Amino acid sequence: MYFHTQQLINEIVPDQPDPFAANALQEGLGGQFGEMRTMMQYLFQSVNFRGPAVQYKDLIHAVAVEEISHVELIATTIARLLDGAPGYQPNGDGGVPGAGGGTPLQSILHTGNIHHFLVGAQGALPVDAAGNPWSGSYVYNSGNLVLDLLYNLMLEATGRTQKCRIYEMSDNKTLRVTVAYLIVRDEVHEKVFAKALESLGVDWGKTLPIPNFDATKYPEVKALYDTGIQNVQYTFRLDGSRAGEVFQGASPFNDGTTIRMMDRPEQGFAIPQAPERLEEFAPGLTPELMELAQAAAAMAAGGPRVSGSGVNLSGAAAGSAASAGAAPPRTAGGTEPLVRVEKDGQEIPLKGGEKIDLTADEPTARPTSASS
Ligand code: MN
Ligand code: MN
C-alpha cells in the first residue's frame, strides 16, 4: 500500500506561462522514455519479481516510488506553465484572457497542443510532445533480472538525454528547475541500475554516465550537485528495505564518489494551488455549489475525525485500513482496531465487531455482537 505526503519532491520556481515549454515537457511525462513509463515499468517489475534476491526487488521498488513523485512534479510543472497562458501578453498589461478584443481562448489556436486548453483546462495530459497518448506497451518487464536491469539503465540514459535536450530548448525558469532536478535524479537511477548490474558481474569502465558531459554547466544542476543528492537513492519505505545491500560503496561511474541509500528525501516542497480559470469553466463551482461545499466542510469540522495514526500496519488484515478514509471504520475481527476514531481529541475505543455512526453529533460505539 502507499501513503501520500502533500508535498512535491522538488520546488517549482515561478516564471511566465509558456505553452510551448509545457508541451516540450509532455515528452518527459507521457513519452516513450518519460516519467509515466519509468513509474509503470519499475512498479510492474517490482510486483512481478520472483525468487529470494529481494534486495533487487527493493531497489527497483525504491526507484518506482520515486518515479511516482516525478510524475507529480513534472505534471504540476506543465500545469503551472499552461496556467494563464491565454491571457499572457509579454509586452502588454496581460493577465485577462480576451483583453484587447480577442476571444478568451483565441491565442490557443496557435499553440503547441490545443488539447491543453480544449480537452483539459490548462493542465497536463498523459500524452507525449506530439500528442500521442501514453501506452502500456512501453513497459518492459521480461522477468529476467539482468535483462530488466539492462533495459532500465537504457531507459534512464535515454530519459536523461532527452531532458538535457529539453533544457537546451527553453530558458524558462519553471521548466529549467524541474528539468535540472530530473536530470540529476536520472543520473542517480543510472547509478542504481549500473550498480545492480555491477554486483552481477558487469564492469562499466568509462561507459557511464550517458550522456557523458559536465552537467554542472547547467547552473540549476550545479546547485543540486552541491546538496549531494546525485549520490543518494531513497527507499520510500516505512518498514525497512534491503536495497542498501546493492546500492552502497563506490559509484559505478568510477568518479571516486560514494553512493548510499536514505529512507526519504531530506525535504519536500509546497504544492502550489492552481487558481480558478473562468475561461475554461474550471473548476466550475458556481456560488451555489461553493455554498454546498462549504456547508459540507462545516459539517465535517464539527464531527468526529478518523485518524491515520491509528492504522495498524502490522495486522494481518491491515490491507483494508489505508482506504478507510472517511468511510465507517472497520475492525480486523480481532482485538486491534484498524482505525482510531477521535472526538474532541479523545479516542473513542472500538472493539472487534463494533460499528460507529460517524454522522451523529455524539458518536457512540454500538455493539453489533458480543463484546468483552
Ligand atoms: Mn524520473
Ligand atoms: Mn528515473
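Modeller: Start with burial. A residue is buried if 20 or more other C-beta atoms lie within 10 Å of its own, exposed if 12 or fewer, and partly exposed in between, with C-beta atoms placed from the backbone. This is a predicted model, where local features need pLDDT of at least 70, side-chain atom pairs count only at pLDDT 80 or more, and totals for chains, interfaces and linings use all residues. Residues are numbered from 1 along each chain as its sequence is written, while chains are lettered from A and ligands numbered from 1 in the order in which they are written.

Biologist: Why does leucine 118 count as partly exposed?

Modeller: Because leucine 118 has 13 C-beta neighbours inside 10 Å. Leucine 118 lies in helix α4, residues 115–118. Helices (H or I, at least four residues) and strands (E, at least two) are DSSP runs, numbered from the N terminus. Leucine 118 and glutamate 280 are 8.4 Å apart, C-alpha to C-alpha, yet 162 residues apart in sequence.

Biologist: Which residues are buried in α2?

Modeller: Glu35, Met36, Arg37, Thr38, Met39, Gln41, Tyr42 and Gln45. Their cover includes α1 (19–30), α3 (54–82) and α5 (145–169). Here, contact means C-beta atoms, placed from the backbone, within 7 Å.

Biologist: In what order do the three strands of the open sheet stand?

Modeller: Two strands pair if DSSP finds at least two bridges between them. The order is β1-β3-β2, with mixed pairing. β1 (232–234) and β2 (249–250) are at the edges with a single partner strand each, so one side of each has no neighbour in the sheet. β1 pairs with β3 (residues 258–262) in the parallel sense, over three bridges. Methionine 262 in β3 is the bridge partner of tyrosine 234.

Notes. Contact = placed C-beta atoms within 7 Å.
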